[in-house]
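Colleague: I would like to go through this model with a few questions on contacts, secondary structure and strand order. Please end each reply on the value or name I ask for.

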Amino acid sequence: MKRYGFLACFLITLILAVLLELTRIWVLLIVAGVIGGFLSKSFLRAVFAGCLGVLVCWLLYIAVFYTLNPYGMSIALSVFSLFLGLMVVLGAVLGALSASLGYFLSQVLMPSEKGSGK
Amino acid sequence: MYTGCYDERVTLVRRELIGLVVSFAILVLLLFPYPVALSPFSLYSLVDPMSGVWINALTAKVPAEEKIVLPGIDHEVIVVFDKYGVPHFFAESEKDLAYAIGYIHARDRLWQMDFLRRVVEGRLTEIFGNISGVYESDLLFRIVGLKRGAYECEKLLKEKFPDLYELLEAYSEGVNRAIEDMKLSKTLPIEFKLLRYEPEPWTPLNSLEIGRIIGWGLTGTFADLYLYLILQKFGINDTLQLMPIDRYKEVYIVKPGYKVTLGNVTKPKAISNMELHLPDFDEKAVEELLEWKRKTDIWFLPIKEAFASNNWVISGFYTNTGKPLLCNDPHLSLTVPPVWYEVHYVVKSGDEIFNVRGVTFPGIPIVIIGSNQYVGWGFTNVMADQIDFYYYVWKNDTHYWYKDAWHKIRQVKEVFRIKTDAGFVEKVIYINFTVHGPLLEMKIDGKRYRFAVRWMGQNATTEAYALWKYAHAHDIYEFLSYTNYFQMPPQNHVFADIYGNIGWRACGRYPNRTFPNGTNAVQFNPLIPRLPINGSDPNVIEWNDSDWIEPWEAPQLINPPWGYIVTANNKAANVSDYPYIYDIAWTWADYYRASRIQELINETINEKGYVTIEDMMRIQNDVLLVLARSLKEFLADVAGRYGYENIKNLIENWDCRMTINSTAATIFVVWYDYYKNFTFSDEFREKFESKDLQNLWMELPDNTLEHFTLTNKSWKWFNDVGTKERENATTIAGKALKAAIEYLKKYFGTDDINEWKFGKLHKLNAQHAMGSTLKWLNYPNWEALGWSNCVNNIGRNADHGPSWREILDFSDLNNSRCIIPGGQSGNPFSEHYYDQLRMWLDGEYKKMSFPATPEEVEDAESIIHFVPG
C-alpha cells in the first residue's frame with residue numbers, strides 16, 4: 001500500500017474533516033483522523049497530520065462563521081475565549097489520537113517494510 | 001532456518017498491535033459519555049463548531065429569505081421580520097397562524113419557554129440540581145398546584161372552547177416542529193447545550209401552565225401571613241395605624257361620588273366593631289413560610305413580589321386628534337430575555353380579516369396586550385386577593401377538625417428527579433390536602449405546622465378564551481362582553497376603540513368569602529380576607545364556589561364624564577361607591593403614580609386644551625417622585641437643623657426628578673430608607689426574634705410614614721424604644737440623614753457630594769435565569785433613571801420596571817408606539833438580544849404599525865415562507 005508524507009496526510013485529514021463536520025456529528029471526525037493516519041508513512045507524521053487536520057478544520061469553520069456573522073461571532077469569541085482555547089487542545093488531541101489509531105491499524109493490517117519507521 | 005526477519009516482523013506487529021489497542025483505549029476512555037458535569041465528551045459537544053456553541057452564534061443572524069415546510073398548515077404563511085426582529089405574520093387561518101407563531105416563538109425563545117414550564121411543574125431540579133432555592137421552588141409550586149390548575153383549565157377548554165383548544169394544539173405542533181428542526185441542525189438554544197439536556201415536546205397544557213405562572217406572580221402573595229404577624233405582635237389599633245384599611249391618602253380610579261353600585265349589598269361594618277380571633281400558631285412557622293417564598297422568588301423570574309403597572313386612556317374630547325389615546329406599561333421583572341415577545345399578525349377569521357399587534361408570552365399564541373384595527377387594550381394588576389391560608393386543629397398527622405368531625409387528609413404522590421453529577425436521584429414526597437386545598441407543611445423543633453392554600457389558580461378558569469376573543473372585538477362593547485371570561489389574575493383593563501369610546505373594568509373573578517349561613521364575611525369585617533382563616537372553626541369562612549363576584553360585577557367605567565381613566569394599581573373606588581371593594585383586594589399601591597399621571601394629564605389639558613401622543617410619551621417616562629416632593633421641605637429643614645447646609649440647598653433646589661445625574665435623588669432615596677428603618681425597625685426588633693421578620697417594616701405603605709411625618713411629628717412610632725430620650729420625626733430624620741451621608745461617603749469613596757450621581761447607585765439589573773453564574777447572559781448594567789413609585793417605575797434594585805410600553809393612537813393606529821426592555825431574541829449572539837434596551841432606557845419608542853400586507857412592512861430585515869408540506 002502506498003503511504004504518504006505529512007502534507008498529503010494533513011490535507012486528506014483536513015478535507016475529510018471539513019466534509020464530515022457538515023454532518024454535525026463531531027465523533028465522525030475520528031474517521032478523518034483514522035484515514036489520515038492510516039495513509040501515513042510514519043507515526044509522527046500521522047500524529048501531526050491528524051492533530052493539525054482536525055484543528056485547522058475547526059478553526060476554518062470558526063473563520064467562516066466569523067465572516068458570515070461578525071457581530072454574533074465576536075460576542076461568542078469574547079465570552080467563550082476559554083472554549084476557543086479548549087477547542088484548540090481538544091481538536092488537536094482528537095486528531096492526534098485518531099490518526100495514531102489509524103496508523104497502528106494500517107501497520108497491523110498492512111505492515112510496512114520498515115515497521116514503525118522514523 | 002534463518003528466522004530473524006520473521007521474528008523482527010512479529011515483534012513489530014506486536015508493537016503496532018499494542019499501539020493500536022492503546023490508541024483505541026485512550027480514545028474510548030476520552031470520549032465515553034461519563035455522567036459527570038464536565039466529561040471530555042460534553043466538552044467536545046460544546047466546542048465543536050457545527051454542533052456546539054459556535055453554531056448558535058452563526059445562526060443568530062437569520063438568512064434574508066427562507067422557505068420552511070410545515071406539514072401542519074393548510075396555506076402559506078408569510079412572516080416578515082422588521083429591523084427589531086418583530087415578526088409580522090400574514091396567514092389565511094388562525095390555525096395556520098398559531099402553528100407559525102409556535103415555530104417562531106420556539107426559534108427565538110425556546111429555552112425561556114421550557115424554563116417557565118419547568119417552574120410551573122416543579123421540575124427545575126432536573127436541570128439545575130439541588131442548588132440554592134431550586135428544590136424549595138419546585139416543592140412550593142408542586143404543592144400549590146399550578147400544574148393541576150392548568151390541567152383543570154385544559155379539561156374545561158377541551159369541553160367548552162374546542163376552537164381555542166385546536167389553536168393551542170396547532171401552536172404546540174409549530175413549537176415541536178421547530179424543536180425537531182433545531183435538534184437536527186444542532187441549533188437548540190445555548191442554554192440547553194450548557195445544561196446538557198434537550199427539550200421535551202410542547203403540549204397545550206404547557207401553554208396553559210405559562211398562564212398559571214403569570215397568575216401566581218400577580219396573585220400568589222403571602223401578605224395575609226405577614227399582616228397576621230404584625231397584628232399578633234402589635235394589636236389591632238397599632239396595626240390599623242400602620243396598615244390602615246383605607247390609606248391615609250387615596251386616589252381612586254372611580255371619582256368619588258360616581259356610583260358603580262351593583263344592587264342590594266350590606267355595607268361593611270365600622271372597623272371599631274370588628275371581632276378578631278387571631279390564630280395562635282408560632283411565629284416561627286410563618287417565618288419559615290415567608291423564607292420559603294423568598295427562596296422561591298429567586299427562581300421565579302417573570303414576576304417577583306415587586307409588581308406594578310400603569311395604564312390610562314384619554315377620550316378624544318381631550319386629544320389633539322379627536323380620538324382616544326391609550327397607554328400601558330406593565331411593571332414586571334426585567335428579565336433576560338424579556339417577559340414579552342412582540343408580534344403583529346394579519347389573519348383571516350371566518351369572512352373577516354383581523355390586523356392585530358401587541359405582546360405575547362412566549363408559550364402562548366395569543367396577544368395579551370395590544371390592539372386590533374378597531375379596539376386596543378392595556379392591563380394593570382388589580383392587586384386582587386385570590387389567595388387564603390387555612391389552619392386547623394389536628395387530632396394526629398392525618399386527621400383535622402372540620403365542621404364538627406375529624407376528616408382524613410387526601411394524599412397525592414409526587415416524584416422529584418434531582419440532577420446530580422452522577423445522573424439523577426429520585427425523591428418521593430406526598431402532598432396532603434384538606435377540603436380547602438393542599439397543605440404547606442413545615443416541621444420546626446419537632447412540631448409540625450400546616451397551612452392549606454386556597455388559590456384561584458387551582459380552579460379551571462377561562463381567561464385564555466377572553467384573551468383570544470379580544471383580538472376579534474369590533475368595538476369596546478363587544479370587547480366588554482369578552483371580559484366576562486377574564487377570571488385570573490384580575491387585571492384593570494383599559495380599552496378604547498376607533499369610534500372614540502373609552503372604558504375600564506377591574507376584570508376578574510373574586511372569591512365571595514362566606515360564613516356557613518351564606519352571609520358575606522367581608523361585609524361583616526373587611527380584615528377577614530387579609531388574615532389566615534381557622535378551618536376548624538364551626539363558623540369557618542369559605543369561598544362560595546357557586547357564587548363568585550364575577551367579572552361583570554367588577555367596577556367599571558364607560559366613557560366617564562371627566563374624559564379619562566387612570567389606573568396604577570391604586571384602589572378602584574371608595575367603598576361608598578363600590579360596596580365589594582374590600583372583597584376584591586387590599587394590597588393596593590400607594591396613590592403616588594396614579595396621582596402623578598392624573599396631575600400631568602390635567603396640567604397638559606389646562607395648558608393646551610388637549611394632549612398629544614408626545615405628551616403621552618413624556619408622561620410614561622416621567623421620573624418625578626411624588627413622595628420626595630411631599631417630604632422635600634421636611635428633609636431640607638432637617639438638613640438645615642443638623643448643619644448640612646449644602647444638602648439643604650441641594651434638596652431645596654431639587655425638582656424631585658430621579659435622573660441619573662441628580663445628586664439630590666441619591667441623597668433622598670438613601671435618607672428615606674434610613675428614615676423608614678429608624679422609625680419602625682426598633683419596634684419590630686423588640687417584637688420579633690428572627691432577623692427576617694424584624695424587616696417586616698419594609699412592607700408598610702410609604703403613605704403611612706409620609707402621613708405622620710407631615711401631620712404628627714410626635715407620633716409614637718418615631719420614638720426609638722431603645723433610647724431613654726423621646727424622639728420625634730425630626731430627630732429620627734436627622735439621625736437618618738447622618739447615616740445616609742456616612743453610607744454614601746463609603747459607597748462613592750468621596751466626601752464630594754457632587755460625585756454622588758444617582759445613576760451610579762441605580763443601575764439596570766436585568767438578569768437571565770442562569771445569569772448569576774454566566775454573567776454575560778445578563779443585559780449591561782447601564783445607569784438607570786426612575787425609582788419605585790415614579791410613573792417610570794424602574795424599581796429600587798432596577799430589576800423590575802416597565803416591561804412593555806404601549807401608546808395606541810386611535811386616530812391612526814399606525815402612529816402608535818411601543819418598546820420592550822431588551823430585545824426579541826433569546827439568543828445572546830443575536831443583534832436583537834437587547835437592541836431596544838438603550839431606547840427603552842432613554843424613553844424612546846418604536847413605531848407600532850399595523851401593515852396590511854407583507855410589502856407594507858417597514859424596514860423588513862428577513863422573510864420566512866412557511867409552506868404546507
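This is a predicted model: local features need pLDDT of at least 70, side-chain atom pairs count only at pLDDT 80 or more; totals for chains, interfaces and linings use all residues.

Colleague: Which order do the elements of chain A follow from the N terminus?
Modeller: Chain A has five helices and zero strands. Its C-alpha atoms fill a box of roughly 55 × 25 × 20 Å along the principal axes. Read from the N terminus, the order is α-α-α-α-α.

Colleague: Which strands stand at the edges of the eleven-stranded open sheet in chain B?
Modeller: The sheet has mixed pairing and the order β1-β30-β2-β3-β7-β8-β9-β10-β18-β19-β23. Its neighbouring strands are turned by 20° against each other on average, direction ignored. A strand with a single partner has one side left without a neighbour in the sheet, so the edge strands of chain B are β1 (65–70) and β23 (556–558).

Colleague: Which residue of β30(B) is the bridge partner of Val77(B)?
Modeller: Strand β2 of chain B covers residues 77–82, and β30 of chain B covers residues 860–868. The two pair in the antiparallel sense over six bridges. In β30(B), the partner of Val77(B) is Phe866(B).

Colleague: At what angle to β7(B) does helix α4 of chain B run?
Modeller: Helix α4 (residues 94–121) of chain B lies across β1, β2, β3, β7 and β30 of chain B.

Methods. Residues are numbered from 1 along each chain as its sequence is written. Chains are lettered from A and ligands numbered from 1 in the order in which they are written. Helices (H or I, at least four residues) and strands (E, at least two) are DSSP runs, numbered from the N terminus. Two strands pair if DSSP finds at least two bridges between them. Axes are lines fitted to C-alpha atoms, for helices over the stretch in contact, and angles run from 0 to 180 degrees between N-to-C directions. Two residues are in contact if their C-beta atoms, placed from the backbone, lie within 7 Å.
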